[in-house]
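Here is a short report on one protein model. Take a look at the sequence and the fold before reading on.

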Amino acid sequence: MSRLGDTIRAARLKAKMTEKALGKKCGMAENVIKDIESGRRIVSDEQAQRILKVLGVENPVSTELEVAAEPEVKLRPKPRAYVLPIEPEAPQKEAAARESSDAWLDALGGVVKRVPIIDPEGVVIDHVLTPIVGGKIEGGAPDKVLYYRCPDNALRGFRVYAGDLLLTVPSSKPENDRLMLVQYKGQRIVRKLLRLDGDRIQLQSFDYEFAAVVAPAKEVQILGRCVRLQRTL
């Protein structure tokens, strides 16, 4: 659970309210409140303030939403690997090290997975060792999940910054009020979605100001649902 989720849950229990009752007062669904409390859903500052205000939590900005005030994380170029001078026996040592590494990963194959990190062009730029629980990674098949590396601060208002990694599980259907990885105009981007009448989808971003683009659903290919944020230091 997140600090914000812990705070909301504690305040809700203190107020003797159910998730359904709290959601009704805040204009949200019961499952949204449950996802927020468990840390599975990323919410905007405005939504968090609305919930905390209903629960009567005082001065939430400075005490509970400190992550919203974190400094901007600038993209840094990936460091170039340092190559040691090759000794005569180096090829044999390198092969032995590679075999040892492969054997270690094979032994942990049912416990961890090297999950790829992709950029907006879909190019794999790195990997992250991620635990497997019950044969799944956050409910997705281990060989289907991926991390998306945010290239800019287009989601700053949703507390997602440049350089952050979003763990994404496969999904082909748009979900309201959810950060999702989509293919739009030849680029892979993450946006908060909202389904509109007329078979249209609103793609929401939030840098210094809220912005939205409305597109026909057929022009937006849904690739996955973002389920976890990993911040790089």
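This is a predicted model: local features need pLDDT of at least 70, side-chain atom pairs count only at pLDDT 80 or more; totals for chains, interfaces and linings use all residues.

## Pro131 and its contacts

Beyond the residues up to four places away in sequence, Pro131 touches Val111, Val112, Lys136 and Ile137.

Is Pro131 buried, partly exposed or exposed? Its relative accessible area is 47%. Buried would need under 20%, and exposed over 50%. Pro131 is therefore partly exposed. The residue is found in strand 2.

## The sheet

What is the strand order of the sheet? It reads 2-1-3-4-9-5-6-7-8. The sheet is open, has 9 strands, and its pairing is mixed. Which strands form the edges? They are strand 2, residues 124-131, and strand 8. Each of these two pairs on one side only. Direction ignored, neighbouring strands of the sheet are turned by 40° against each other on average.

## Two antiparallel pairs

Strand 7 covers residues 200-206, and strand 8 covers residues 210-216. They pair in the antiparallel sense, over 7 bridges. Within this pair, Gln202 stands opposite Val214 of strand 8. How many residues does the hairpin between strand 7 and strand 8 run through? The hairpin joins the two strands through 3 residues.

Strand 5 and strand 6 also run antiparallel. Strand 5 spans residues 179-184 and strand 6 spans residues 187-196. The two are joined by 6 bridges. Here Met180 stands opposite Arg191, a residue of strand 6.

## The protein overall

The protein has 6 helices along with 9 strands. Its chain counts 233 residues, of which 38% are buried. The accessible surface comes to about 14000 Å². Carbon and sulfur atoms hold 54% of that surface.

Conventions. Residues are numbered from 1 along each chain as its sequence is written. Side-chain values use heavy atoms; hydrogens and water are left out. Two strands pair if DSSP finds at least two bridges between them. Helices (H or I, at least four residues) and strands (E, at least two) are DSSP runs, numbered from the N terminus. Axes are lines fitted to C-alpha atoms, for helices over the stretch in contact, and angles run from 0 to 180 degrees between N-to-C directions. Buried means under 20% relative accessible area, exposed over 50%, partly exposed in between (1.4 Å probe, protein chains only). Accessible areas come from the Shrake-Rupley method with a 1.4 Å probe; for residues, only the protein chains shown count as cover. Contact means heavy atoms within 4.5 Å.
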